[in-house]
Amino acid sequence: MSATTRGLRLPLPVVLAGARGHGRWHLENIRRLQRHGLVRLVGVCELKPLVGEELVGFGAVEQSDDFAALLDTTGAAVAVVCTPIPTHTELALAAARRGVHVLLEKPPAPSYAEFRRMADGAAAAGTAVQIGFQSLGSHAIPAVRRLVADGAIGEVTGVGGAGVWVRDEAYFRRAPWAGRRRMDGVDVVDGVLTNPLAHAVATALALAGSTAAEDVTDVETELFRAHAIESDDTSCVRVSTADGGRVTVAATLCGHTSEEPYVVVHGSEGRITFWYKQDRVQVRRGGTQSTGSPALYDRTDLLENLVEHLMGRAALLVPPAATGAFMRVVEAVRTAPDPVALPADAWLRAPGESADRRVVEGIDGLVAVAADTLCLYSELGVSWARPPGRDALDPHGDLHNEVNTS
């Protein structure tokens, strides 16, 4: 037990930084855990204070837009940080300097250097940091690893990930940093693979057994945008790992319809598909033959796990070290050339909808094929992704036919 955990007693006093937007989910989760006697909300850091029903059931809660001062006056033991991406490092370090442990929303930082500064600073202070990849709390993760270890699908040949969501123009106007790669000279990196569908990347890397920064040897990126934004909304990435593995994740916010994102582990004798938002796993051996109905798994909440860890009863599920590989992907996206604007004939406005939403033609199928073949968009014959003068290639350089993604 470290000096920063000695003497802690339940319920642990918690400050929430960022209680609106996605922060509302954290507020409700804190309310749930408070009912169970694990935590007690003592402070909320927001530019505009919460009022009325937002605070029902919490009792007296101090509010301020000064995070550091709020930690000092409330005596918080834990801070939940759900604020704009560029603020993550400074807020986590402000907590660490005060001996306050942190649940930090994903992505943990907009660059690998900022990530290391945050992780090293917290380690030096002896405070725990849990990174908010909720999918990594799923009990399906160790279950899939056991299936792979037991040879359920033969030799693993790669891991794919697919995410098809729909977001309209308002989504990119929800905050000044939304849809930005940088703002006022500061990195933001709010791309489809680094923020909204970051779980697909982190989960794929976890199932590949490649979560540490040193597990990554190369990252290939293809970044595109249909919307009039600075960041990418339709992208894919392929990660080469130190053990010779391949992880390819394709994602878009410009689908025809939203679909459940998933990660698939490919093997020489079958495949395992994990729909990570549903904690659902399907094993298929051979061609398309299923082993039975999909299995459903429980999930450990990451704030609850952090509390259990601080009480000396559990290991931390998602410490910074477990997201080093993901941050290598963030860094590759950050340093890549700016996303390519898709030509006007590659997308259309969603028909019959009042919201202004752009749909990339055939992207739903293309994302699925990328996850299935571990190929990048440019290798699948789609014209807008192919560099000028280049034919469609597979990852090994052989010519192949174009894929029908309609």
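## Charges over rings

The charged end of Arg167 is placed over the ring of Tyr171, 5.4 Å from the ring centre. A charge counts as sitting over a ring if NZ of Lys or CZ of Arg is within 6 Å of the ring centre and within 35 degrees of the ring normal. Arg328 lies over the face of Tyr112, with 4.0 Å to the ring centre.

## Basis and confidence

This is a predicted model, in which local features need pLDDT of at least 70 and side-chain atom pairs count only at pLDDT 80 or more, while totals for chains, interfaces and linings use all residues. Residues are numbered from 1 along each chain as its sequence is written, and side-chain values use heavy atoms, with hydrogens and water left out.

The protein chain has a mean pLDDT (the predictor's confidence in each residue, from 0 to 100) of 93, and 93% of its residues reach 70 or more. Over residues 392-406 pLDDT stays under 50; for this stretch the model has 31 contacts (heavy atoms within 4.5 Å) beyond four places in sequence.

## Aromatic pairs

The structure holds six aromatic pairs. Rings of Phe, Tyr and Trp (its six-membered ring) pair if their centres lie within 6.5 Å; planes under 30 degrees apart count as stacked, over 60 as edge-to-face and the rest as tilted. The ring centres of Phe224 and Tyr377 are 6.4 Å apart and their planes are at 40°, so this pair is tilted. Because Phe224 lies in strand 10 (residues 216-225) and Tyr377 in the segment after helix 9 (363-373), the pair ties together parts that are 153 residues apart in sequence. Helices (H or I, at least four residues) and strands (E, at least two) are DSSP runs, numbered from the N terminus.

Tyr377 also forms an edge-to-face pair with Trp384, at 5.7 Å centre to centre and 70° between the planes. Phe224, Tyr377 and Trp384 form one aromatic cluster. Phe224 and Tyr377 are buried, and Trp384 is buried too; buried means under 20% relative accessible area, exposed over 50%, partly exposed in between (1.4 Å probe, protein chains only).

## Helix 7

Helix 7 (residues 302-310) has seven of its nine residues buried, so it is largely enclosed by the rest of the structure. Among the buried residues are Asn305 and Glu308. Their cover includes strand 1 (12-17), helix 1 (23-35) and strand 2 (39-45).

At the N-terminal end, Asp301 caps helix 7 through a side-chain oxygen 3.1 Å from the backbone nitrogen of Leu303, a polar contact being a pair of N or O atoms within 3.5 Å; within protein, one must be able to donate a hydrogen and the other to accept it, and residues adjacent in sequence count only if both atoms are side-chain atoms. Just after helix 7, Gly312 has a positive phi of about 80°.
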